Each structure stands twice: as structure tokens, then as C-alpha cells.
Amino acid sequence: MALFKIKSAFTVLIEDDINKNILPLLIELLENTDGMVQVTCYEQPLSVWQTILQDKSIKCLKGFDNEPVAKSICVIDSLNQMVLDLGWSASLNNIKSLQTNSNVTKLILILHRDCLIPNSKIETHLHHISNAVISFDEVMANKIWVQVKKSGKIFKSEEIMSYDAPTSTFKLSPVLKEDNLKVTQSEKVSPGSLTTFKIETDQIQQLEKNKLKLPYMNKINEGKGKVFYEPDVVDDWDDEDPDEDLDI
């Protein structure tokens, strides 16, 4: 399910770091696609991409000269280096230009999170303009966090990647709900920690509360509780039967 949603997204952002191998995922996203694969080569030369994507027609460009003239899947292999070369404003305009180009059938952006400067807003902006975001887990190399936006709805999931080399089969398996439940329970916040004053009672206070006897409780327990009504001088008291016109 998650893999289908990712493949159907137009702009896909892949967030990795130096210890992650994104090639199986990237190859799967380019599998069974028509047209040329156009790579904006900031990190790897054309020869490397030709070795990785042997059955694809590949074109390697750089900088602003990356507008496809034929139906193509566009890949930017390092947004970090692109921003260093062009600046963030020019890079963002370039990405938006590719998103509106009728020859672009899919746009794949690769961002190295471990190379971002502290408090960088680049990641936030990229999340906003991307239809799907794939973030690799910091601990588990084969675990990813998926977020897909479609028709005003957001789909989120945790997936485990697996790749069978002999059959060249890539698979995503959702993380078991029991595991998610354990995480949720461990992160559950006590209501008392959300206020600046004490809203919970301790054991001593609860005992004192149970010992408290209000005056009217004795009468209720004895079965002698009664309600007395004394009409006021301004009361509009009507002795007529309001249902006298009914045949009851």
C-alpha cells in the first residue's frame, strides 16, 4: 500500500544520511517507467548513474540547464550541493519550474539530512512542496518513515524495507501496530504535567476527602430527606387542571 502511494506521487523527497543506502528504493521508484531518466548530477558523475541504471536512458545535467525537452523522470541527486552552488532561492525556483514542466513525469529529490546546517528551514520548505516524503530512521538502516499527501489528506506510516537480490524484488512491510502501541504508551503524558498548578490529589488528600461528612448526608442516609416549597407572593399559582380539556 505505502509503496503504491509513493510511486503515484509526483514529487518525492528522500531524506537520508551517510550510513543509508537508498539505491534499492530509488531503483524501485524508477522501475517500469517510460521515458528518459534525467539526473541533475551534483554528487555523482554520469558514469556512476549509467552503472546503477543500466537499462535506462540517462541524461546528466547540472545547474539551471535541467529543463527536459522530452518526457522524463527528473532526479536531483543532492539538494545540499545544489543549494551550495545556486543558493536556496534559485534552487527553489528551479524545483518549482520542474514541477510545472509538462515533460516532467516524476520528480525525485535527494536530501542528506546530516549535511544540513542547524536550524535550517530548507527541510521544512521541501516537505511543503513535496507530495511524498521518505525519511530514513536514524537507528535502523532498513526502516523508513513515509508521509504522502493526496487530495487534502495525509497518509503516514512506518515501513521496513527488504530487498531480495536473486529475484530483484523490493518490498515494504508496515511496522506492527503492537510496536507502535508500545511507543505511544511510553510517550503518554500525564495531565498534571501540562499545567502550572496541581490538579491531581495525592493519597493523603484522598483519605481526607473520604472522611469529610457534609451535614445533609446524615438526613439522606436516614431516609428523612424532604423537599419543602414555600410559594412567593409574586408566584402565579394556578389551581386549574391544565389537562381538563383532555379525555383522560
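Modeller: Helices here are DSSP runs of H or I with at least four residues, strands are runs of E with at least two, and both are numbered from the N terminus. The model is predicted, so local features need pLDDT of at least 70 and side-chain atom pairs count only at pLDDT 80 or more, whereas totals for chains, interfaces and linings use all residues. Residues are numbered from 1 along each chain as its sequence is written, and side-chain values use heavy atoms, with hydrogens and water left out.

Colleague: How many helices and strands does the protein chain have?

Modeller: The protein chain has nine helices and nine strands. The nine strands form an open sheet with mixed pairing, in the order β3-β2-β4-β5-β1-β6-β7-β8-β9.

Colleague: What makes β3 and β9 edge strands?

Modeller: Two strands pair if DSSP finds at least two bridges between them. β3 (58-61) and β9 (169-174) each have a single partner strand, so one side of each is left without a neighbour in the sheet. From one strand to the next, the twist averages 25 degrees.

Colleague: How do you know that β1 is paired with β5 and with β6?

Modeller: One counts the bridges. β1 is joined to β5 by six bridges, the two strands running parallel, and to β6 by four bridges, again with the strands parallel. Asp16 has His112 as its bridge partner in β5, while Ile14 has Ile134 in β6. β4 (residues 72-76) also pairs with β5 (residues 104-112) in the parallel sense, over five bridges, and there Cys74 stands opposite Leu107. In general, strands of a sheet pair through backbone hydrogen bonds, either parallel or antiparallel.

Colleague: What makes β1 a mostly covered strand?

Modeller: Buried means under 20% relative accessible area, exposed means over 50%, and partly exposed lies in between (1.4 Å probe, protein chains only). In β1, six of its six residues are buried. In a regular strand the side chains alternate between the two faces of the sheet.

Colleague: Why is Ser151 called exposed, and why is Leu172 called buried?

Modeller: The relative accessibility of Ser151 is 72%, so Ser151 counts as exposed. Ser151 lies in the loop between β7 (143-150) and β8, and its phi is near 55 degrees, a positive value in a residue other than glycine. Leu172, in strand β9, has a relative accessibility of 14% and therefore counts as buried.

Colleague: With which residues is Leu172 in contact, its neighbours within four places in sequence left aside?

Modeller: Contact means heavy atoms within 4.5 Å. Leu172 is in contact with Ala2, Leu3, Ile6, Ile144, Glu159, Ile160 and Met161.

Colleague: Why is α4 called oblique to α5?

Modeller: Angles run from 0 to 180 degrees between N-to-C directions, with axes fitted to C-alpha atoms, for helices over the stretch in contact. Angles under 35 degrees count as roughly parallel, over 145 as roughly antiparallel, 65 to 115 as roughly perpendicular and the rest as oblique. α4 and α5 pack at an angle of about 120 degrees, with their axes 7 Å apart. That value makes α4 oblique to α5. Leu79, Met82, Val83 and Leu86 of α4 meet Trp88, Ala90, Ser91, Asn94 and Ile95 of α5 in this contact.

Colleague: What makes α5 roughly parallel to α6?

Modeller: The axes of α5 (residues 88-99) and α6 (residues 122-129) come within 12 Å and cross at roughly 10 degrees. α5 is therefore roughly parallel to α6. The residues that make this contact are Trp88, Leu92, Ile95 and Gln99 of α5 and Ile122, His125, Leu126 and Ile129 of α6. They divide into six nonpolar, two polar and no charged. Here Ala, Val, Leu, Ile, Met, Phe, Trp, Tyr, Cys and Pro count as nonpolar, Asp, Glu, Lys and Arg as charged, and the others, Gly among them, as polar.
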